[in-house]
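Okay, everyone, thanks for coming. Let me put the model up on the screen, and then I'll walk you through it.

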Amino acid sequence: MTNLFDVAIIGSGPAGASAAYHLANSGLKTVLIEKEKLPRYKTCGGGFVYRGLRDLPFSVEEVIDAEFNEVEIFFGKKLAFKTKREKPIISMVMRDRFDHLIVKKAEDLGVKILQETKVEDLNFEDDYTEILTSTGSIKAKFIIAADGALSPTAKLTGWEESRMMCPALEYEVTVPTSDFERLSKSVRFDIDVSPNGYGWCFPKKNHLSIGVGNFLKTKKKANLKEDYKKYLTTLGISTILEEEAHGFIIPISPRKEGFVKRNVFLIGDAAGFADPITAEGISNAIASGVLVAKAIAESKMNLREAKILYQQKLEERILPELEVGKKLSKLFYGQPTLRNLLLQKYGQRAAEYMTHIFMGDRTYPKDFYKKVKQKINLPFFN
Ligand SMILES: Cc1cc2nc3c(=O)[nH]c(=O)nc-3n(C[C@H](O)[C@H](O)[C@H](O)COP(=O)(O)OP(=O)(O)OC[C@H]3O[C@@H](n4cnc5c(N)ncnc54)[C@H](O)[C@@H]3O)c2cc1C
C-alpha cells in the first residue's frame with residue numbers, strides 16, 4: 001500500500017508542522033494534510049513568546065518582523081509595569097510566513113505535504129485508519145489532529161466539546177507614519193480594555209496588529225468591535241489608512257475527555273492548550289507537537305504505549321500549568337478591584353513572573369492561589 005503512512009497529521013499550523021518535523025526526524029513516514037493553499041493567512045496577533053522560539057530546532061529569523069526585549073502592561077491609566085530581558089521576550093511574526101517555514105523544514109526531512117486537501121471523514125479499521133479527503137483517500141496507523149480550534153477531526157472521532165472558547169478580534173492596521181513610529185517601539189498589553197480581557201498592540205514590519213479578546217466567560221455579551229474602537233482612542237490613533245478585520249475563537253482550557261481516542265492524538269488548539277490568562281497558543285502548539293512526536297517515536301509505533309507516553313509528557317510539561325492558569329484567570333479577570341489592589345503591592349513581581357513564563361524559565365506557581373486564599377477569603381478559588 002503506497003499511500004499507507006505511519007502518521008497522518010491534519011492541519012499545518014505550528015502544532016501540526018512541528019509534530020511533522022519531529023516525526024520525520026525520527027524516521028517515521030509522515031503526511032501533513034492542510035485544507036488551505038500554503039502559505040495561508042491565520043487570524044492571530046502573531047506575538048511569539050521566547051519559550052516557543054527556544055523549542056524550535058532551527059532558526060526562524062527570516063520570518064521575524066521585529067523582536068522585543070521589553071514588554072509593557074497597562075491596567076488603565078494608573079497602573080503600568082514594564083519588564084525587560086536580554087533575550088527577546090516576544091517576537092513578531094505573520095503567521096502565513098511563520099507557519100509555512102516550519103512546514104518547509106518538515107518537507108525537507110521527507111514529510112509529504114498535501115495542501116488544498118480537506119479532511120472530510122475517517123474510517124477506523126483495525127490496523128489503520130482511512131482518511132477521506134477532498135482529493136482522495138490516505139491510510140495511516142496514527143492520526144494527529146492539529147486542525148485548530150474547530151477541530152473537525154476531534155468531532156469525527158467522537159470528542160464532545162468541553163474546551164472554553166473565547167472570542168477575539170484582530171485587526172491588521174496601517175496608520176500614519178508618526179503613529180507607527182510612536183507605537184512600533186514597544187509591545188503593549190492593555191488589561192480591561194475589553195471586559196474580562198485585554199487589548200494588544202503588536203508592531204509588525206510596516207503595520208500594527210491590534211486586537212481585543214475576552215478570556216473569561218460571563219453572562220454579559222461582549223461587544224468586541226466597540227472595545228476595539230475605544231482601544232484605538234487609548235492608543236491615540238485617530239486616523240487609519242488601511243484596516244483588515246479578522247475574528248475567531250481561542251480555546252483556553254484543555255479538553256476534559258483526554259487527548260487520545262482510538263488512534264487519534266490531539267495537539268495545539270484542537271486539544272485546548274492555549275494559555276488561560278494570555279490566550280497565547282503558539283508556544284504550546286509547538287510544544288505539544290514535539291511531545292506527541294516523541295511519544296509516538298519512543299513507543300516504536302505501539303498505540304497503547306504511545307497513549308501512555310503522551311499523557312505522561314503532557315502531565316510533565318503542559319497540563320499543570322494550564323490548570324493553575326485557569327484558576328488564576330478567575331482572579332485576574334473576574335475580580336479586577338481585588339486584582340488591582342494586589343497589583344499595587346505586588347504588580348512588578350507579578351509582571352516579572354509572567355515574563356518568566358513567556359521566557360520558559362518558570363511555570364505558574366502551583367501554590368499561588370493557596371497562599372492568596374490563606375490571606376483573604378476568596379470563594380471562587382474553591
Ligand atoms: C485573534 C487571535 C489572536 C491570537 N494571538 C495570538 C498571539 O499573539 N500569540 C499566540 O501565541 N497565540 C495567539 N493566538 C492563538 C494562536 O493563534 C493559536 O493558539 C495557534 O494558532 C494554534 O495553533 P494550531 O497549530 O493548534 O492550530 P492552527 O494554527 O489554527 O492550525 C490549524 C490548521 O488546520 C487546518 N485545518 C482545519 N480543518 C482542516 C481539515 N478538515 N482538513 C485539513 N486541514 C484542516 C487549518 O486550515 C489550519 O491551517 C491568537 C488567536 C486568535 C484567534
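Let's start with Ala145, which sits in strand E11, residues 136–145; strands here are DSSP runs of E with at least two residues, helices are runs of H or I with at least four, and both are numbered from the N terminus. Before I go on, the housekeeping: this is a predicted model, so local features need pLDDT of at least 70 and side-chain atom pairs count only at pLDDT 80 or more, while totals for chains, interfaces and linings use all residues. Residues are numbered from 1 along each chain as its sequence is written, and side-chain values use heavy atoms, with hydrogens and water left out.

So, is Ala145 buried or exposed? Its relative accessibility is 0%, so Ala145 counts as buried; the cut-offs are under 20% relative accessible area for buried, over 50% for exposed, and partly exposed in between, with a 1.4 Å probe and protein chains only. Setting aside residues up to four places away in sequence, Ala145 touches Ile10, Ser151, Thr153, Val264, Phe265, Leu266, Ile267 and Ala270, where contact means heavy atoms within 4.5 Å.

Some of those names come back with Tyr310. Not counting residues up to four places away, Tyr310 has a list of contacts that includes Phe265, Leu266 and Ile267, and also Phe259, Phe273 and Leu291. Tyr310 is one of the residues with the most contacts inside the largest nonpolar core, along with Phe98, Ile144 and Phe189, and that core has 108 residues. By nonpolar core I mean a set of buried Ala, Val, Leu, Ile, Met, Phe, Trp, Tyr and Cys residues joined through side-chain atoms within 4.5 Å. Helix H7, residues 282–298, gives the most to this core, with 10 residues. Another core lies apart from it, with 17 residues, among them Tyr171, Val173, Tyr228 and Leu232.

Now the ligand. Which residues come nearest? There are 39 around it, and Glu34, Arg40, Gly45, Gly47 and Asp269 come nearest; to be counted, a residue needs a heavy atom within 4 Å. That shell splits into 17 nonpolar, 11 polar and 11 charged residues. For the classes, Ala, Val, Leu, Ile, Met, Phe, Trp, Tyr, Cys and Pro are nonpolar, Asp, Glu, Lys and Arg are charged, and the others, Gly among them, are polar.

Look at Arg40: an N or O atom in its side chain is 2.8 Å from a ligand oxygen. Over at Gly47, a backbone N or O atom lies 2.8 Å from a ligand nitrogen. The protein covers 95% of the 1000 Å² of accessible area that the ligand has on its own, going by Shrake-Rupley with a 1.4 Å probe.

Strand E16 gives the most to the shell, with 3 residues. His246 lies in E16, and at 17% relative accessibility it counts as buried. Its side chain makes a polar contact with the side chain of Tyr41, at 3.3 Å. A polar contact is a pair of N or O atoms within 3.5 Å; within protein, one must be able to donate a hydrogen and the other to accept it, and residues adjacent in sequence count only if both atoms are side-chain atoms.

Leu38 and Pro39 are joined by a cis peptide bond, with omega about -5°. Lys300 has a positive phi, near 55°, and isn't a glycine; with a relative accessible area of 72%, Lys300 is exposed.
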